[in-house]
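Visitor: I am new to this structure and would like to learn how to read it. Could you walk me through some features?

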Amino acid sequence: MPISGKQLKERFKREDYEVKLFKERGFIRKSCSICNHNFWTLVSDQETCGDTRCSGGYQFLGKKGKNLNFDETIKSLTDFFVKNGHTAIKDYPVVSRWRADMEFTIASIADFQPWVLEGIIDPPANPLVVPQMCIRTGGEFSDIDNIGKTARHLTSFVMFGQHSFNSEKLTGGYWMDRCIELNFKYLTEEIGLIPEEITYGEGIWSGGGNFGPNLEAFAYGTELVNNVFIAYGFENGAVKKLDMQVIDVGWGLDRTSWFTQGTPTIYEAIFPNVIEYLQKENGYKVDQKLLMDYSKLSGLLAVEEVKDLKEERIELAGKLGMSYKEMLDILGPQEAIYAIGDHARTLSMTIADGAIPSNVGGGYNLRILLRRIIALKELYKLQFSVVKLFDLQINNLSISFPRVKEHREEIHKIVDLETKRYSETKKSGRRIINDLLQKKTEFSFKTLVNLYQNNGINPLMVKELAKEKNLEIDVPADFYIKLEEYFAEQKKQQEGIEDKAEIQLEKEYQTYPLYYENVYESQFTAEVLDIINNQYLILDKTMFYPTGGGQIHDTGTIQFKDKKYHVVDVMKKGSSILHKLKEKCDLKKGVSITGEIDAKRRMAIMRHHTAVHVVNRAAREVLGRHIWQAGADKTEKKARLDITHYQSVSTEELQEIEYTSNKIIFEKREISKVNLDRDEAERDYGFQIYQGGVVPGKTLHIVSIDEWDIEACGGTHLDNTSDIGIIKLTSSERIQDGVVRLDILAGEPALRYIQEQENILKKSSAIMSVEPKMLPKTAKRFFNEWKEQKKTIESLTKKIAELQYSNNSTKSEKIGHLDVFVQETSGGQKELILQATQAVKHYPNGICVLISSDNNRVTLIGARNKELDFDIVTVIKELSEIAGGSGGGKGELAIGGGSSVDKIATILIQAKDIIRKMI
RNA sequence: GGGCCGGUAGAUCAGUCUGGAAGAUCGCUUCCUUGGCAUGGAAGAGGCCGCGAGUUCGAGUCUCGCCCGGUCCA
């Protein structure tokens, strides 16, 4: 930020805030006696600004106003703004697929970033309103742990966006005067506040490098809505008025609904039936008066400033006239009920829009939410059906967001699966801790970190489980702080990634893409616009597809008169397409060339690309509606498709997807390709067009396979699915939790693959002299026989060794008091060990040195009788050195060897010598 | 996206640091004890130590790659 908060504050003066309404109505500008912020009011002796803390908490609780429930509030706001010249647009998904920089939609304005705000495309309407469901599961806004404790925080909420866009070419927009006028009108006429009850607080909003004034409307100790006017940005460090000035009013719809109902918390306002259900199942009832007092005070909790609310809550308990522990006992279950309701709502919404709980990205936040539901349920021993809980929230959401109920089945499936996973984790956690407790009663920080990081067992769980065993475990109070330091240390050691050197263009050219016109054409003529470094050619039009959208570039030739150049790479820079040539070239600007792409390669790439579209939908058919494309890669030889899925894909499912895909080929479905404006495309086909991820630009190339798949895709595609020929799915792999990769072959490579598989089968069956279809049975038989024989050999070896060395069938030699066996024999290490140990078994003074060899190596084994005091290990070590290797062992058994096979005779002699010396 | 941990008998896990005969408990089979059952006793079966390379005379153990599962952080 090139400008400080203080400088910003000085920048905006009275005239920047004094809108028409203030003048007309006679609002007075005052400074808050508590926080010093400026505010506008109609009440001359009002001293404070109206913010919750300056007003001493929520004053609207218990005050029934318009009494609008969640859905009525959406309707009320929508109707009002439509009546006042706004267009109501459909809300966007909560999984923000049109944006690369965030996973969840976190504000209504996010719907229009970056394309609309950058002026690249027009807004769908102007002005407009949109009831945008937003997700905030982490970060500065709401620590998940505090949900349910503050009366007002939610992980998902509707930001009812009221937006007006102002730029030179746009019409219909309005600015501050009209905005505050509407605002005031809604609050007074629709919500029923009297003008004197409303205060507007001045502020400065800044974000994403932009900033502007804002006016917050307060009443009864709460912020009702923030009116943000994004007017300025920076250019070369200097403040600059934006080309596109935007009104960003985000009505906290849930809070508005709460305000009109005056319920103790926001949760009763938006999902009363869920709370009622949870309370009823548990026969839990909480004193309404106490709850009200508690909520009024909890509005003062400084969640945004401190992460750990404990200190503040202890104070709060004091104000309620009870101890902290009493407060937790009485209100804990209630807080848990609130949190459970909130989490179930967020999970239902996000899963419906295609997110999946996992161990990466936003999915991890979802997993945490689900686990918190279960953990809270257990902590307070709450009785309820998780299925019913989700059903209730799905029903609630479906009134205003009907798509949610269409995903009921997957939501239940995913929740169920995740619940099972969690219980497995906990089960193993319990075992691990119990094992540790057997061994010790003190846990080091490192141990705790390991338990937490690797097994998901937090220190609190350790403490609890220890308690069950009547053990007191000390857990550092600052565990999480220490942990963060530990992480910070680790992070320091990581390195940055270096950027690849890129070609920089001084000037932008327009290369017209011919590759969309007729994808089967391969020859074209074009004019040379520029050549960079004698190697990168820019044409006025081209048939060469540049790498992009997960599709690899074309190759081919460019010919000028008799000279032929090979195109080895094609890339897109803005609207220019660069052809990298293999040879240095001396073409002049303005000359006309003929180009020819490698048609065979292009065809192979198109087959793979179109196949990916076909398979994507097929996967959706087979696996469920939660399937989204999470990435893809298309080349001449193969394609990869990553899809969102909550578990591994089985072989059967993979074959089903393959079968369904090929059916679409047999059905010869037509594929149409058109260019559409982004807003039009979104309106007509919805957000499913963003399967391929973020697609830049105003115009989208829409590829649709007849009644099968529609995507915004910049790649080249066949005209008919039958041109794919054949699709073969070669494997699936879970590349990370929640994402499965499918490997796809299309056309010739698919056929080659199948033939290769057949060859493998034929070769394998030839080895076993059976028909291919008998292979599994035969292989199984062979494997079992091999196992049996291995066992037989082992027991026979043992028997042979026993026979060989019993009854003095093998004679020992006396060296001193020792009975010594030194022999060359045969067999591997295992056999030798058996022989040697048998040899010394019956001789109290027996030692045995055996040697065997194959072409490459010598194996040496030494053994002594268990009772005998003799260092056999040294003997073997020395002998092994002669053999060019080394050896070792423990006590009664020594093993060694080497690679000098020719030294066997020497070793046999040396063995006795060494033993003789050691007596 | 960045880490970390794990994969050994049907199950739960030791063994891996420091390379040298693949272990324990439960379960299973058979037998003994008993009128019968619980129990008790004895014997036994059951292992591609996830897969593939490498280092080594020798790898469950060390190195690298891959597969599978778990977990934490952003």
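Guide: We will go from the domains to the sheets and then to the helices. Keep in mind that this is a predicted model.

Visitor: Into which domains is chain A divided?

Guide: The division gives domain 1 (5-266), domain 2 (440-488), domain 3 (512-597), domain 4 (602-758) and domain 5 (797-918). Taken over C-alpha atoms, the centres of domain 1 and domain 3 are separated by 51 Å.

Visitor: Now the sheets. In what order do the nine strands of the open sheet lie?

Guide: The order is E1-E2-E6-E7-E8-E9-E5-E4-E3, and the pairing is mixed. Strand E1 (28-31) and strand E3 (87-88) are at the edges; each has a single partner strand, so one side of each is left without a neighbour in the sheet. E3 pairs with strand E4 (residues 128-135) in the parallel sense, over two bridges. Look for Thr87, whose bridge partner in E4 is Leu128.

Visitor: Which helix packs on this sheet, touching E5, E6, E7, E8 and E9?

Guide: That is helix H5 (residues 176-190), and its direction makes about 170 degrees with that of E8. Helix H11 lies across E4 and E5, running at about 55 degrees to E5.

Visitor: How do I describe two helices that pack together?

Guide: Two packed helices are described by the angle between their axes and the distance between the axes. Here, H11 (residues 324-352) and helix H13 (residues 386-400) pack at about 65 degrees, with axes 9 Å apart. Their crossing is right-handed. On the H11 side the contact includes Ile340, Ala344 and Leu347, and on the H13 side Phe390 and Ile394 are among the residues. The residues of this contact divide into eight nonpolar, three polar and one charged.

Visitor: Which residues of helix H8 are buried?

Guide: In H8 (residues 272-281) they are Val274, Ile275, Tyr277, Leu278 and Gln279. Their cover includes helix H7 (266-270), H11 and H13. Just after H8 comes Gly283, with a positive phi of about 55 degrees.

Visitor: And the open sheet of four strands: which pairing does it have?

Guide: Its pairing is antiparallel, in the order E18-E19-E24-E23. Strands E18 (629-634) and E23 (727-736) stand at the edges with a single partner strand each, so one side of each has no neighbour in the sheet. Neighbouring strands here are turned by 15 degrees against each other on average, direction ignored. E23 and strand E24 (residues 739-746) pair over eight bridges, and Ser732 stands opposite Leu742 in E24. Helix H20 (residues 651-666) packs on this sheet, touching E23 and E24.

Technical notes
Residues are numbered from 1 along each chain as its sequence is written. Chains are lettered from A and ligands numbered from 1 in the order in which they are written. This is a predicted model: local features need pLDDT of at least 70, side-chain atom pairs count only at pLDDT 80 or more; totals for chains, interfaces and linings use all residues. Side-chain values use heavy atoms; hydrogens and water are left out. Two strands pair if DSSP finds at least two bridges between them. Axes are lines fitted to C-alpha atoms, for helices over the stretch in contact, and angles run from 0 to 180 degrees between N-to-C directions. Contact means heavy atoms within 4.5 Å. Domain bounds come from an automatic or database domain assignment. A crossing is left-handed if the near helix is turned anticlockwise from the far one by less than a right angle, and right-handed if clockwise. Ala, Val, Leu, Ile, Met, Phe, Trp, Tyr, Cys and Pro count as nonpolar, Asp, Glu, Lys and Arg as charged, and the others, Gly among them, as polar. Buried means under 20% relative accessible area, exposed over 50%, partly exposed in between (1.4 Å probe, protein chains only).
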